[in-house]
Amino acid sequence: MRESFSTPQCAGCLACAEDCALLRGYGRPIFQVPLHEITAEQAFACLQCGLCAAACPLGLDPADPLRVKRQELVEVGVVNLGDYRYLCPDEHDNMWALCRAALGIDYDDIEPREATSTLFFPGCTIATYSPRLTRAFLEFLDGIYPGAKAVVDCCGKPLRYMGLNDRAQQHLKRLEAKLEQWCVSRLVVGCPNCYYELLEGLGGNAIEVVDVYSLLYSHRSLLPVEDRRPSVPYTVHDPCPDREAGVFGKQVRALLEYLEVPVREMRHHGRYTICCGTGGMAKHFVPGAGDWSAQLRAEEARASGAQGMFAYCMSCLFNLADSCTPLPVVHALSFFLNVQDEALDNRRKSREALS
Ligand code: SF4
Ligand code: SF4
């Protein structure tokens with residue numbers, strides 16, 4: 001194993017550690033910590049949220065040593081990823097497929113049978129826990145691009161989180177082959193994790209990757225017209241993958257403004273957003289790994305004076321619904337489409353069925 005991670009440019013300012021309990025725990029810049037002093041638990045407890053990199057004035061990524069350590073532990077077999085096959089979308093008994101089976105959710109009728117130019121890619125969590133929302137968005141999409149279909153698949157990011165980069169690449173190649181077979185030219189993506197993953201992964205070919213909120217904003221006159229404005233202010237939680245480009249966050253806020261929904265921002269948002277606590281799937285490896293972050297997020301939500309929260313990543317919604325109680329947390333897509341979302345209920349049911 002490598003003993004050190006040499007990065008001489010680090011100025012030692014500790015700006016990266018200010019909002020990260022993990023980095024603060026070292027009491028010195030992580031780049032001064034020899035790799036052998038980083039424990040397996042610390043390496044796997046990193047949320048891979050990117051906040052430390054956003055905070056570093058020198059543009060360094062202080063999570064790199066943790067990532068390197070994580071990769072090494074997997075390579076030398078200290079951590080057996082076989083114990084986590086339920087997180088692997090390329091395994092037939094992955095947790096999303098098992099949940100859909102337990103809940104009796106099936107999308108056979110909306111998957112393509114023939115060439116289709118526009119395809120909705122809801123992502124694993126929306127498709128698994130929110131069939132009503134999945135179908136409602138597809139109906140909206142079909143109104144704009146008649147004949148649009150949906151594909152329930154994974155972008156492969158969970159594999160990358162585990163350091164299984166080759167498998168993630170193969171997974172993406174299989175998805176690419178399916179899209180090619182269906183002659184897809186436009187992929188409308190519901191999950192910010194998937195969006196950035198697919199934007200990068202499919203960037204080299206002719207497929208246009210669009211986020212659901214840009215599409216909703218472009219066709220906002222078609223949104224359900226009922227006056228659904230909350231009479232109290234809401235805040236918006238930005239998920240980590242949207243930190244840099246901010247595509248989803250910008251469109252969600254534009255839609256909220258269009259609908260005249262009062263918004264109170266939390267102290268950390270946009271580029272400096274705080275992870276909901278589920279980042280990097282860390283809590284699967286180290287129980288309680290992201291609790292400090294979830295707690296911080298809940299404190300900021302309360303301090304904002306908002307009476308509710310919009311999330312636009314379903315995994316964030318699940319964790320924030322737990323940590324921000326009693327603040328209601330609503331999926332932005334279900335709000336814009338006026339869909340009574342059953343995600344939290346389905347999560348409970350699937351847990352009961354699979355426990
Ligand atoms: S948890 Fe986030 S802020 Fe902390 S080291 Fe990991 S990526 Fe950086
Ligand atoms: S990694 Fe960046 S933010 Fe962290 S101590 Fe070094 S220079 Fe400062």
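## Strand 6 and its partners

In this predicted model, Val236 has Phe310 as its bridge partner in strand 6, and strand 5 (residues 234-237) is joined to strand 6 by 4 bridges, the two strands running parallel. Strands here are DSSP runs of E with at least two residues, helices are runs of H or I with at least four residues, and both are numbered from the N terminus; two strands pair if DSSP finds at least two bridges between them. Phe310 also has a bridge partner in strand 7, namely Val330, and 3 bridges join strand 6 to strand 7 (residues 329-331), again with the strands running parallel. Between strand 6 and strand 7 the chain passes through helix 15 (residues 314-323), and this β-α-β crossover is right-handed, a term used if, with the strands pointing away from the viewer, the path from the first strand over the helix to the second runs clockwise.

Within strand 6 (residues 308-311), Gly308 and Phe310 point one way while Met309 and Ala311 point the other way, and all are buried, that is, under 20% relative accessible area with a 1.4 Å probe and protein chains only, whereas exposed means over 50% and partly exposed lies in between.

Another part of the description concerns an open sheet of 4 strands, which has the order 2-1-3-4 and parallel pairing. Its edge strands, each pairing on one side only, are strand 2 (149-150) and strand 4 (208-211). Strand 3 (residues 186-189) runs parallel to strand 4 and is joined to it by 4 bridges, with Asp211 in strand 4 as the bridge partner of Val189.

## The surroundings of the ligands

Ligand 2 is surrounded by 14 residues, of which the closest are Cys10, Cys13, Leu14, Cys16 and Cys56, and its shell divides into 13 nonpolar, 1 polar and no charged residues.

## Basis of the numbers

Residues are numbered from 1 along each chain as its sequence is written, while chains are lettered from A and ligands numbered from 1 in the order in which they are written. In this predicted model, local features need pLDDT of at least 70, side-chain atom pairs count only at pLDDT 80 or more, and totals for chains, interfaces and linings use all residues, while side-chain values use heavy atoms, with hydrogens and water left out.

Methods
Near = heavy atom within 4 Å. Nonpolar A, V, L, I, M, F, W, Y, C, P; charged D, E, K, R; others polar.
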